[in-house]
There are 2 protein chains.
Amino acid sequence: MISINQKKLLNSLSHKKYRVKHSLFLLEGDKLIRDALEQNTKNLVKIKQIWATEEWKNSLPDSLEFQNEIIEIVNAEDLKSFSSMTSPPGLIAIAQLPEFEFSTSILKEEVTIVLDSIRDPGNLGTIIRTADWFGFKNIICSKDCVDAYNTKVVQASMGAVLRVSVYYQSLPELIMNARKLKVRSFGATMDGVSIYDSYIKRPAMVIFGNESTGISSEIKDLLDEKIHIPGNSPHGDGSESLNVGSSAAIVCAEIRRRGL
Amino acid sequence: MISINQKKLLNSLSHKKYRVKHSLFLLEGDKLIRDALEQNTKNLVKIKQIWATEEWKNSLPDSLEFQNEIIEIVNAEDLKSFSSMTSPPGLIAIAQLPEFEFSTSILKEEVTIVLDSIRDPGNLGTIIRTADWFGFKNIICSKDCVDAYNTKVVQASMGAVLRVSVYYQSLPELIMNARKLKVRSFGATMDGVSIYDSYIKRPAMVIFGNESTGISSEIKDLLDEKIHIPGNSPHGDGSESLNVGSSAAIVCAEIRRRGL
C-alpha cells in the first residue's frame, strides 16, 4: 500500500517547486521505468522507489533483480490516481533530480542545442529525445522554458531526459560568454540563410525559439547568424512555420549528415 | 447566446461519428480561425458559423468583413465550456468537413506521405503541418489512424489540415495499386538503408508507422525499400527511436533538399 505521506509526496511532484524541494521527480510507464532501471545500474540516474504490481515486478529480467529492494508491491487501483496517462501503467517511480553544474566549457568542441522560452512539455520532451538520438549531450534552456522534469516532458522524451543534460541559463549571458570561447550562435528564424547554405561548424550553439513568437528580439540581436529551413510550398501559401520539435529535428539531422 | 441545440451540436463534434453525421468539424483559436476565414474566401474551406466576442469581430481586417453574416456575437463565458484549450480563446467555429475522392492517380509524379496507424493527435497534426510547410499536397492514412478533423489534430496542424488533403485508405491495397503505376513504397524503419543513401525519386510513397510498434509487419513485407535515419549517439546507448513527427520532418526536409 502507498502511505498517505507517500501519496502526498507523489502528488506534490507534479509541481516544480516540490520537485526542487524534495530533489525528486516522477517516472511513469513500463518502458520508461525499465529504461531508468538500466540507467540506474550505470549510476546515470538514481531511482529512489518504484511502486508496482506483483505482475510487473515478476516480468523484470534477472539482470535487474538485484534492485528488488527499491520496488514496493502495490495494487494497480492504488496507482491509478497518480497517473497522468490515459491508460495508467500500473507502476510509478521516483528518482533523484540530477544536479548539473553548468560551465561554459561544455560548449567547447560541440554543437549545443539552446532553447529560448519553449513552453510546451511535449515539444521539450521531443527535442530532448531527438538530441539523444543524434548524440547531442547537452541542451541549454532559457529560464522560462518548461521544466525538463515535468512529468509530461519526461514522458515525451521517452526517457532521453535521463541521458541528456538539460541546463537552465540566462541566454544573453550565455551567448556573451560563449563568444569569448569562440563559440558561434546560430538561431533558427523565419528568415536568414538557408540551413543548407549555412556554414555551421564546431563549436557552435543552435538556438530555437518559442512556439508562437520564435526567438526573442533580445536574443536575435546577439546571434552570429540567422538560419532558416526552406519551405517548398508550390502554391506559396502553406504553413507559416514548422513545429519547433520538427525544426530542431531537421537541424540536428542536417548537422549530423554533415558529420559535424 | 448559443442555443441549447447549438451547444449540443458543438459538443457532439468532439466525436468522429458526429463529425461525419453532420459533415462538420470544430475550429478553435484566433490564429486558426483567421486563417480559415482567409481560406474561406478562396473556397478552400467552408466555414458555416463562428461564435465570437464583439471584441474579436471588431479586430478583423476590412478584407474579411464581407463574411460578417457567419459571425454570431456571444460572450466569452458562453464559449469556455466548448474549448479543449487551457486558455480558451473566446471564439469557436464550425466548418464543413471536406470530402476528398481518392484516386491512385494523385500518386503520380509526387512523393506522397503515408501514415500507418498514427494514434496521437499531436503527431498527426504536426505531420500535416510539416507536409504543408514543404508543399506535400496529400497525406494518406491507414484507416486506424486518428481522424484528421479531431479538434486536437486540427489545432496541432495550425490550420494546415485546411490545405493538405488527408485520405483514409487500406494501405496494403494502396501499395499494390500504386505498384501498378510504378509508384515505389519506402518505409521509415529502424533498419534499412540510410535515408542519405536511399535513391528516392518521384513517384514514390514514404510510409511512417505507429508510435510504439512502427510500420506493421504486413506493410513492411510490401515495401520496396526500408529506410532509416542514422542516429549518431557517440555513447551508443541513446534513444531507441525518434518521435514519428520528427522522423517525418527529417525525411520531408531531405526530400526537398534534394529538389525532389
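Student: What's the strand order in the open sheet of four strands in chain A?
Tutor: The order is β1-β4-β2-β3, with mixed pairing. Strands here are DSSP runs of E with at least two residues, helices are runs of H or I with at least four, and both are numbered from the N terminus. Two strands pair if DSSP finds at least two bridges between them. Keep in mind that this is a predicted model: local features need pLDDT of at least 70, side-chain atom pairs count only at pLDDT 80 or more, and totals for chains, interfaces and linings use all residues. Residues are numbered from 1 along each chain as its sequence is written, while chains are lettered from A and ligands numbered from 1 in the order in which they are written.

Student: Which strands stand at the edges?
Tutor: β1 (24–28) and β3 (71–73) of chain A; each has a single partner strand, so one side of each lacks a neighbour in the sheet.

Student: And in what sense do β2 and β4 of chain A pair?
Tutor: Antiparallel, over five bridges, between residues 47–52 of β2 and 91–96 of β4. A:I47 has A:A95 in β4(A) as its bridge partner.

Student: Which helix packs on the sheet?
Tutor: Helix α3 (residues 30–41) of chain A, which touches β1, β2 and β4 of chain A and makes about 35° with the direction of β4(A). Axes are lines fitted to C-alpha atoms, for helices over the stretch in contact, and angles run from 0 to 180 degrees between N-to-C directions. Contact means C-beta atoms, placed from the backbone, within 7 Å.

Student: Switching topic: where does A:I229 lie?
Tutor: In the loop between β10 (225–228) and α10 (244–257) of chain A.

Student: Buried or exposed?
Tutor: A:I229 counts as buried because it has 24 C-beta neighbours inside 10 Å. The cut-offs are 20 or more other C-beta atoms within 10 Å for buried, 12 or fewer for exposed, and partly exposed in between, with C-beta atoms placed from the backbone.

Student: What is A:I229 in contact with, leaving aside neighbours within four places in sequence?
Tutor: A:I195, A:L242, A:S247, A:I250 and B:A253.

Student: How many residues of chain B are in contact with chain A?
Tutor: 28 residues of chain B, against 28 of chain A. On the chain B side, α10(B) gives the most, with seven residues.

Note on methods
Contact = placed C-beta atoms within 7 Å.
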